[in-house]
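Subject: Structure for you to look at

Hi,

Here is the structure I promised. Please open it and read my notes alongside.

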Amino acid sequence: MPLVKRDVLDPARLNSHDTIAVLSLADRDLGFQFAKASRGYRLSSHGRESTAKRPLCRWSIAPKGAQAELVHCAPEGSLAHDGGVNVQGTLVKITDVTTTVLRQPDVLGIQDATIRHRETGRSALFVHIRTDQGVEGLGLGQPVARGIIEGSLKSVLIEQDPLCHEKLWDDMFWRVRGYGRKGVAFCGISAIDIALWDLKAKIFGVPLYRLLGPYTDRVPIYGSGGWTSFSEAELVREQMGYVERGIPRVKMKVAKDFGKSEREDVRRLAAVRKAVGDDVEIYVDANNGYYAKQAIGMARHLADYGVGWFEEPVLADDIAGLAAIARAIDIPVATGEHEYTKYGFKELIAQGGADIVQPDVGRVGGVTEWMKVAHMAHAFNLPVAPHAVQLVHLHLACCTPNLKVVEYLGVSEEGDRVWYTEFPEPKDGYWSPYPDRPGLGLELNPDAVRKYAV
Ligand SMILES: [Mg+2]
């Protein structure tokens with residue numbers, strides 16, 4: 001029974017378990033009109049609050065006493081629309097895996113302690129997983145992984161059931177065993193795994209965080225940047241920008257010039273503290289730039305300015321050094337953005353190298369592995385503060401009881417405003433996913449694709 005916007009639904013024409021295709025869900029009023037017009041039927045709260053413009057939805061009707069309740073919203077073409085998804089079988093099959101790389105050539109890059117060469121250009125990779133049912137998953141990642149996705153991983157996925165993410169993850173892991181248990185191959189696996197979870201949530205017709213199991217739908221964020229390539233004035237302006245947006249937590253870089261400018265690090269921190277005042281939390285990130293003893297010495301200065309965490313004080317692979325620092329200083333050591341898989345995090349955490357665990361969904365192995373690492377941290381009673389990839393971490397963070405705070409990078413926001421049609425905006429230092437858009441709720445902007453695809 002197809003409906004379009006402002007159609008009036010006659011309940012007399014409906015039977016239990018009927019499916020109604022909503023061909024246009026263009027504004028907030030539709031749910032109310034629909035509910036009112038249908039009298040004996042009512043929309044679930046999901047439908048009533050819906051502001052989704054896309055995708056097209058179908059509502060199926062389930063009996064509820066003498067009345068009926070409209071439940072379920074699933075994208076056109078998904079299995080969920082006509083009465084349920086068979087998770088046992090292989091009703092959905094992956095038919096193709098493709099990538100899009102977008103590149104804005106004229107954006108000046110940023111620097112931190114150990115980015116030695118400042119580059120120009122901003123780019124991003126997107127993975128598209130297509131199925132025989134028309135539903136499509138969108139993943140995101142680093143352009144460097146394109147070759148491995150198309151050359152090595154794609155063939156593992158074709159003809160497979162996208163709901164079997166554990167099986168597919170394991171197949172991809174063993175496909176790259178000889179050359180990629182960390183690094184680029186895992187950036188590729190991560191991007192694909194993100195697309196598989198976006199696809200799975202779309203098949204079930206729910207936002208990703210609803211599929212994973214939310215602990216909350218509102219998470220705290222911190223404003224992140226403070227690049228070493230900023231002058232002191234630029235640094236203060238950027239950090240104050242976050243505070244003025246209502247975000248009472250900021251992060252800045254230290255270990256400028258690969259740890260050779262300690263006095264300048266302290267001066268810059270002092271300038272930021274003076275500008276933001278005492279009520280704003282400041283985190284610092286050395287991006288691997290100090291040695292262990294040096295970091296322990298620096299921590300005394302950082303403590304004078306009330307620093308809330310000391311991120312990647314030394315080389316990410318120096319777990320012994322991280323553990324020694326964590327034992328020696330009072331400021332929590334945060335690390336993990338350069339670690340891969342549960343196996344890597346097992347060593348890092350078990351050896352005491354992290355007080356705050358920072359998995360990156362674009363490196364660690366996607367949503368599948370990120371959630372396992374977050375649970376592992378939980379078992380060790382450690383907080384999680386995800387690194388970058390904020391539009392994906394928003395969903396995962398909502399499902400993490402031991403979440404500390406979500407990183408919100410201004411440079412990522414600038415890119416996201418170009419790549420996507422829209423995304424949810426943070427407010428007063430907190431952030432919520434769209435409650436009514438299946439999957440990640442993201443769509444590539446066709447104008448950006450036309451202009452920047454390479
Ligand atoms: Mg960092």
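A residue is buried if 20 or more other C-beta atoms lie within 10 Å of its own, exposed if 12 or fewer, and partly exposed in between; C-beta atoms are placed from the backbone. Helices (H or I, at least four residues) and strands (E, at least two) are DSSP runs, numbered from the N terminus. This is a predicted model: local features need pLDDT of at least 70, side-chain atom pairs count only at pLDDT 80 or more, and totals for chains, interfaces and linings use all residues. Residues are numbered from 1 along each chain as its sequence is written.

Start with strand S8, residues 136-141. 6 of its 6 residues are buried, so the rest of the structure largely encloses S8. Glu136, Leu138 and Leu140 point one way from the strand. Gly137, Gly139 and Gly141 point the other way.

S8 pairs with strand S7 (residues 120-131) in the antiparallel sense, over 6 bridges. Pairing requires at least two DSSP bridges between the strands. Val127 stands opposite Gly139 in S8. The hairpin of S7 and S8 has 4 residues between the strands, and Gly134 takes a positive phi near 90 degrees there.

Next, helix H14, residues 390-397. Here 7 of the 8 residues are buried, so H14 too is largely enclosed by the rest of the structure. Among them are His393 and His395.

Last, Val411, which is found in helix H15 (residues 410-419). Val411 is partly exposed, with 15 other C-beta atoms within 10 Å. The C-alpha atoms of Val411 and Ile110 are separated by 8.8 Å, although the two residues are 301 apart along the chain.

Best wishes
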